[in-house]
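Here's a quick briefing to read alongside the model. Have the structure open and follow along topic by topic.

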Amino acid sequence: MPAVNETIETVRSVTEGTYKWGFETEIETEFAPKGLNEDIIRFISAKKGEPEWLLEWRLRAFKAWQAMSEPRWAAVRFPPIDYQDAHYYAAPKRRPKSLDEVDPELLKTYAKLGIPLREQEWLAGVATSPDGAPRAPVAVDAVFDSVSVATTFRERLEKEGIIFCSISEAVREHPELVRKYLGSVVPPADNFYAALNSAVFTDGSFVYIPKGVRCPMELSTYFRINAKSTGQFERTLIIAEAGSYVSYLEGCTAPMRDEHQLHAAVVELVAHDEATIKYSTVQNWYPGDAEGRGGIYNFVTKRGACRGARSKISWTQVETGSAITWKYPSCILQGSDSVGEFYSVAITNNFQQADTGTKMIHLGPRTRSTIISKGISAGHGQNTYRGLVRISPKAVGARNFTQCDSLLIGDRCGAHTVPYIENRCMSAKVEHEATTSRIAEDQLFYCRSRGLSEEDAVGLIVNGFCREVLKELPMEFAVEAQKLLQISLEGSVG
Amino acid sequence: MLKIEGLTAEVEGKPILKGIDLTVPTGEVHAVMGPNGSGKSTLAYVLAGREGYAVTGGSVTWDGRDLLALEPEERAAAGLFLAFQYPVELPGVGNATFLRTALNAIRRARGEPELDAMQFLRLARERLRALSMPEEMLKRSVNVGFSGGEKKRNEILQMALLRPRLAVLDETDSGLDIDALRIVADGVNAMRGPDFTALVITHYQRLLDHIVPDRVHVLVDGRIVRSGGPELARELEREGYAALQAQAA
Amino acid sequence: MNLVTHAKGAAGFLHRFEGLRERLPGARLPWLAALRDEAAEAFRAQGFPTRRVEAWKYTDLQPVAAAGFDEPLTPVDDALDLPPARAGARAVFVDGRFRADLSSLDGLPFAAGALAQRLDALAGRLGALARPAEEPMAALNTMLFEDGLLLELPEGADGGVLELLSLATASERPAAFHPRHLIRLGRGARLTLIEAATAPEGARYLHNPVFEIELAEGARLTHGRLQEEAARAFQLATVYARVAAGATYDNFTLNAGGRLVRNEIHVALVGPRAACHMNGAQLLAGEQHADTTTALEHAAPSCTSRQTYNTVLMGRSRGVFQGRILVRQAAQKTDGYQMNRALLLSPEAEMDSKPQLEIYADDVKCSHGATVGELDPEQVFYLRSRGIPEGRARAMLVEAFLHEAVEGVTDEPLRRALDAAVAGWWARQEEGLAA
């Protein structure tokens, strides 16, 4: 979830060409020493007061990670990462017990990002959408570097039996749930970055929606990397019991720095019978400057398991930030008649690279999936859609539809489409379509002849190009995402 | 006043306009007629500033201002509106969003306050009613899946909202049935007044029965070869362009 | 354990190369000896790739690696049963070696004959397009080829229709042969080449041809490939084509025979307004595995490419389509289209598709599509409601699907050959289904 109040300001300053979320908060921070080894993992685990089983779990993941190497199949290029040259734990020194004790600097930070952490501010309409209208309250878990600093609206949610807290807290308060589900969708040794995350994850959000409950408000986590030379390794776990519904949003920003910072998150979703999880991301990590210096390496593993019959998991992502994005939010469609969706907009401008897509693994009968991907490349950006649709022999009557469209702005960027389609079931039907084009000259002229500047015309046409995806976002966030798209493309025209 | 003097232009190196002189006093509606390939649409695009239509000589001024020096959006802000012969499709861009963005861009350029969503919707509904167009038209993507007639009506709707002072209508009548033609003509006639100037480009006289011009000019092979009153249009309808073409050749 | 190459298989070929090195055709030509040595190094490095290698993700060469081949026996001059000629001119290869006695190439207005006879004139040309370092089968071919067809059409020549027939003989032990075909069309020259590969039922062999095709400005080559290898045979074919300004390369490949088959085509459009049409049909049943892999490079502006591949799968067969369109930065105004469809007619069949776009120019129009599914039940019902029995209704729809793949072929003789092959295949399947 990007800055709300600030968005207006940002739009106003479009011509200045700056990343508006790039400020740094002066706050006393406690670090683990640089480096990655068993001691550091023990340190993190001890800091969090974790039970023995979790420490063991982390150490096993670490062992697995040591035997793995970075995946190199994605169409992204970056110099080797020195995994020993980073802090794996950074937390504000003053740890609040309640919202009233949250460091005022932190409150200010989140307010500046448009995310009031005080519930009364939401209720008082402090949070406004870019149109100036007050927003419906959203429950927020705010993660600052390695720790969750506040979670709002908990009491109201607890009335419904909903658990929304940081994962560290969940480990302490609901160990049986965490132990049952952690790593059940993304195994600790699933891939290089997931193994790294499993070894060193520091915080993240935990959501549990009990049977039959429709979560009354949007849940949201706001991630902020602040400290230097740190990575962020959050872990999110969402469990939707039978017949429940939840819509969850995540947003992220980071200060502008010349160094690259690593963000390697793992998100696991579990949907039981007839449950629906809608997971939306507006990813706005610092993308680096116009020459490609700095920016976040966003290497993320997100996967949802549709375990129950008629369950549904829907991923929507708007990826505008990060120097490199490597992520494939996926669905394992196990329950019969379960549904997986992936709606994605990815923009790469300047020297950004994105290799993103999804996997739809059809295991159960009559499972259905839809993939809509819109890639926009500008500047020297490289944008790749990479996706897998696999239909197993038992997925009788399964259906997939995939549409991947790429838009190129300028002749120094690249747009790539790499779908894998594997069908082992006769009665399944898989359809894939992809197109690549640029903004047509006559479209631009038509808009300009109606009075729009070239930049506005491009913004409008790009938003139109992305409409099928943006309409999947909760409404207020869609408006922000639209503005963000335009900002991300700034300087790409003319 | 629109003043075109000695205007020459080429497309892909090929001369199309070969010296056009034309003056439209403010408040008048003039028609430009001509056979296919005479340069009618080129004239429209040159006036609106389309890339690829290179002006090689002459001048165009609007109320004394050099129109050719302006970007397309600046011309729009200056009050120019081109109704396209082939309106462009913008997939995913809602008609309402498009119209509001355009209207506010122009209002901003003129130093007028922008309209918020509610104000705009009120205005748009009012204009739609005036043009007997369904409100559903605002929800659809710009021109996508519109019939030929709907596209033309959408152009007139845009004109009614943006309220230009100088409109260039490029074969707005082509592909219209008689009912749509009347709606389009009514839309234009409703705009007429001492502050509204228009250049109606057409192949046929038909439209001019509904939008009666003050003057008619005949364009053949990139030049105005004849000018006259509204009766000239009827004469052309009777006798065709052949004689004038032979004369010009 | 080596993950990227099958341990077995490559060693036998490398060993054979060591033994034959001094006796292979052109062994005394230093450039060719060097070329073969480099290819041997490349093959040693790559071997038979496993599915860990991205280009071979869906085709496992394990059966080929495990087969253990002999070199073909010295050609016997026995009269062989040749299939009826598809064109007046015909070049016949038996077990990879040119057979002048069976060929009819007299009176052609251009040079056509055995590559082995002309090696001394081919420095710089042979190997100009093939990439042994990237494609291990091309490395194997370069290392061991003994012969092939050499075609050279001068400027403006109309070569009419020529058939290239590849026959394998049945022998005790499986044989491997690696013909190298070199084709060059001068400016504005035209040719239809119908290539047919077949063998007596029961023959076991590896047919590993490599084509290097160069088309000068405005030339046009229609290249039909009718792959009807014996049921236990392997064909791993690699075609390289380089297409100059205004020239057109048309390739139609029918994959109907063989146990494990790969049809790999690399086309580079290097001059403005060059065009390429790559179409094909894969007709698979039983345990067959067929792979069509295309790589199309748009390197110059205003080029056009069209690809349509249809696959029908029965039994436990497995079909693969991998198609990559690469548009380089210079290739503005590119128009590229690719479609691959597959019809699964059996619950045990599998189809894997990987269409791919890689685009570095902005003023382009590129699209691809892929569908995999069974016959449309609504269509079947529609036909039945008009009184057509279900079996016939299904057959009609399959025929229509197959026909669709062939209908783009405008060259009459090729079209006839393809129609006959498709109809014959489907008739055999229907018999099988009825039995």
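A quick word on the annotation used below: UniProt positions are given in the numbering used here, feature names are shortened, and annotations may be inferred rather than shown by experiment. Keep in mind, too, that this is a predicted model. With that said, the UniProt record, an unreviewed entry, puts "domain: ABC transporter" on residues 2–246 of chain B.

**The annotated stretch of chain B**
- Residues 2–246 of chain B come out at 38% helix and 29% strand.
- From end to end of that stretch, the C-alpha atoms sit 29 Å apart.

**A four-stranded sheet in chain B**
- Chain B has an open sheet of four strands, ordered 2-1-4-5, and the pairing is antiparallel.
- Its edges are strand 2 (14–24) and strand 5 (65–66) of chain B, each of which pairs on one side only.
- Strand 5 of chain B is joined to strand 4 (residues 53–62) of chain B by two bridges, in the antiparallel sense.
- If you want a spot to look at, Trp62(B) has Arg65(B) in strand 5 of chain B as its bridge partner.

**A hairpin in chain B**
- Strand 11 (residues 215–220) and strand 12 (residues 223–228) of chain B run antiparallel to each other, with five bridges between them.
- Across this pair, Val216(B) is bridged to Gly228(B) in strand 12 of chain B.
- Two residues lie between the strands of the hairpin, and Asp221(B) takes a positive phi near 50 degrees.

**Where chain A meets chain B**
- On the chain A side there are 21 residues in contact with 25 residues of chain B.
- Helix 10 (441–448), helix 11 (454–465) and helix 12 (467–470) of chain A are the elements giving two or more residues to that side.
- Sorted by class, the chain A side has eight charged, seven nonpolar and six polar residues.

Note on methods. Residues numbered from 1 in each chain as written. Chains lettered and ligands numbered in written order. Predicted model: local features only at pLDDT ≥ 70, side-chain atom pairs only at ≥ 80, totals over all residues. Contact = placed C-beta atoms within 7 Å. Nonpolar A, V, L, I, M, F, W, Y, C, P; charged D, E, K, R; others polar. Pairing = 2+ DSSP bridges.
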